[in-house]
Every structure is written in structure tokens, then in C-alpha cells.
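Here is a short report on one protein chain. Take a look at the sequence and the structure before reading on.

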Amino acid sequence: MAALALGLLPLGVAAEQDPPLEFENAWVRAMPPFQPNSAGYFTVTNRGDDAIAIVGASSNVAEKVELHTTREVDGLMRMKKLKGLAIAPGERVEFAPGGKHLMLFGLAFRLVPGDDVQICLQLATNEEVCTDAEVRMSGESSDSADHQHHH
Ligand SMILES: [Cu+2]
């Protein structure tokens, strides 16, 4: 019995359940050859009872991923790095062209439409939530494929 009890001791802090973030319509922009960077988009909803703090991001196809937002400054659209983002319980946050996005730096290979890649968000709790994202052409094709668009 003693050995069994020892065997059941937790080896680390393992998450009992996944953080309640629900992804929709995750996609990454297809890029022409030799473009080092791309961007990822998705809608995420906090289905839990507590606020969830996103503190970073990663992808299996990029060296580095940053959270960016787009702001108009003196008539020009400029990207700004976000240090983090808190999502309130029940809140739905859209990462979309012209707004918040994941910036993918240092692509490992060319992103071709139809490919599936993975994007992950790091949370303040040290947990990570990931989703598959489809590689798509930019612009209208993504909008027409998004049946939940509210615009
Ligand atoms: Cu950006």
C-alpha cells in the first residue's frame, strides 16, 4: 500500500481540466514564398466563471508569436504589441484582420492554403491552450467562410 501511495504522488502541477477557452474560426494567413512572417486570427470565448489572462502565444510553424493589436495613429494603421489580454467570464474576443491578431515571426516553411497549423495561447496560470488553424488566403475568402461574422 505504501508503494502504491507513493506512486500516486503528483510529479508536478498538472491541470485537472483544460482552461475553458473555446476557439472558433481559427485561421492563419497564407503567404507568398520567402515571406518570413504571417498572422493568425480566431475568435475566443471564455466559457468559465473566472477571468482568463492570456500572456503569450506560440505556433508550431513560427519561431516567435506575439499578440498584436492594430490602431489608427495619425491616419495610419499601426501594429502594437500587446503584453497580455484578459478575457472576462462569458466574454468573446475576436482576433481579425484590421484588429487584434497573432503575429507569426520566422515561418518554418511556406504556408499554403488548406494546410493545418497549430496556434497556442499561454495563460498567466502557465497553462497553454491550443487550436488547429487552417491556412487561408487573405480577404474575402476568409469572410465568406466565416458564417458567424456579425458585420
Ligand atoms: Cu502584427
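Strand 9 and strand 10 pair in the antiparallel sense over 7 bridges. Strands (E, at least two residues) and helices (H or I, at least four) are DSSP runs, numbered from the N terminus. Two strands count as paired if DSSP finds at least two bridges between them. Within this pair, Leu 121 has Val 129 in strand 10 as its bridge partner. The hairpin of strand 9 and strand 10 has 4 residues between the strands, and Asn 126 takes a positive phi near 75° there.

This is a predicted model, in which local features need pLDDT of at least 70, side-chain atom pairs count only at pLDDT 80 or more, and totals for chains, interfaces and linings use all residues. Residues are numbered from 1 along each chain as its sequence is written.

**Overall layout**

The chain has 2 helices and 10 strands. Along the sequence they follow the pattern α-β-β-β-β-β-β-β-β-β-β-α. Of the 151 residues, 20% count as buried. Buried means that 20 or more other C-beta atoms lie within 10 Å of the residue's own; 12 or fewer means exposed, and partly exposed lies in between, with C-beta atoms placed from the backbone.

Two residues are in contact if their C-beta atoms, placed from the backbone, lie within 7 Å. Among contacts between residues at least 6 apart in sequence, 69% join residues at least 24 apart.

**How the strands pair**

Strand 10 also pairs with strand 1: 3 bridges join them, and they run parallel. Here Arg 29 has Arg 136 in strand 10 as its bridge partner. The table lists further pairs.

| Strands | Sense | Bridges |
|---|---|---|
| strand 1 and strand 2 | antiparallel | 6 bridges |
| strand 2 and strand 7 (residues 92-95) | antiparallel | 4 bridges |
| strand 2 and strand 8 | antiparallel | 3 bridges |
| strand 4 and strand 5 (residues 76-81) | antiparallel | 6 bridges |
| strand 4 and strand 8 | antiparallel | 6 bridges |

Individual residues mark these pairs. Leu 21 stands opposite Asn 46 in strand 2. Phe 42 stands opposite Phe 95 in strand 7. Gly 40 has Leu 102 in strand 8 as its bridge partner. In strand 8, too, Met 103 is the bridge partner of Glu 66. Arg 71 stands opposite Arg 78 in strand 5.

**The nonpolar core**

Which residues touch the most other members of the largest nonpolar core? They are Val 28, Leu 102, Ile 119 and Ala 133, in a core of 23 residues. The elements that give two or more residues to this core are strand 1 (21-29), strand 2 (38-46), strand 3 (52-59), strand 4, strand 8 (101-107), strand 9 (116-123) and strand 10 (128-136). A nonpolar core is a set of buried Ala, Val, Leu, Ile, Met, Phe, Trp, Tyr and Cys residues joined through C-beta atoms within 7 Å.

Take Leu 102. Leaving aside neighbours within four places in sequence, Leu 102 is in contact with Ala 39, Gly 40, Ala 57, Val 65, Leu 67, Phe 95 and Ile 119.

Glu 72 lies in strand 4 (residues 62-73). Is Glu 72 buried or exposed? Glu 72 counts as exposed because 9 C-beta neighbours lie inside 10 Å. The C-alpha atoms of Glu 72 and Gly 98 are separated by 9.7 Å, and the two residues are 26 apart along the chain.

Gly 56 sits in strand 3. Gly 56 has 17 C-beta neighbours inside 10 Å, so Gly 56 counts as partly exposed. The C-alpha atoms of Gly 56 and Leu 67 are separated by 6.7 Å, with the residues 11 apart along the chain.

**Positive phi in loops**

Asp 74 is in the loop between strand 4 and strand 5. The hairpin of these strands has 2 residues between them. Phi of Asp 74 is near 50°, a positive value in a residue other than glycine. Asp 74 is exposed, because 5 other C-beta atoms lie within 10 Å.

Phe 34 is in the loop between strand 1 and strand 2. Phe 34 is not a glycine either, yet has a positive phi of about 70°. With 7 C-beta neighbours inside 10 Å, Phe 34 counts as exposed.

**Confidence**

The chain averages a pLDDT of 86, and 81% of the residues score at least 70. Over residues 140-151 the pLDDT is below 50; this stretch has 7 contacts in the model beyond near neighbours in sequence. The pLDDT is the predictor's confidence in each residue, from 0 to 100. Where pLDDT is low, the predicted coordinates should not be read in detail.
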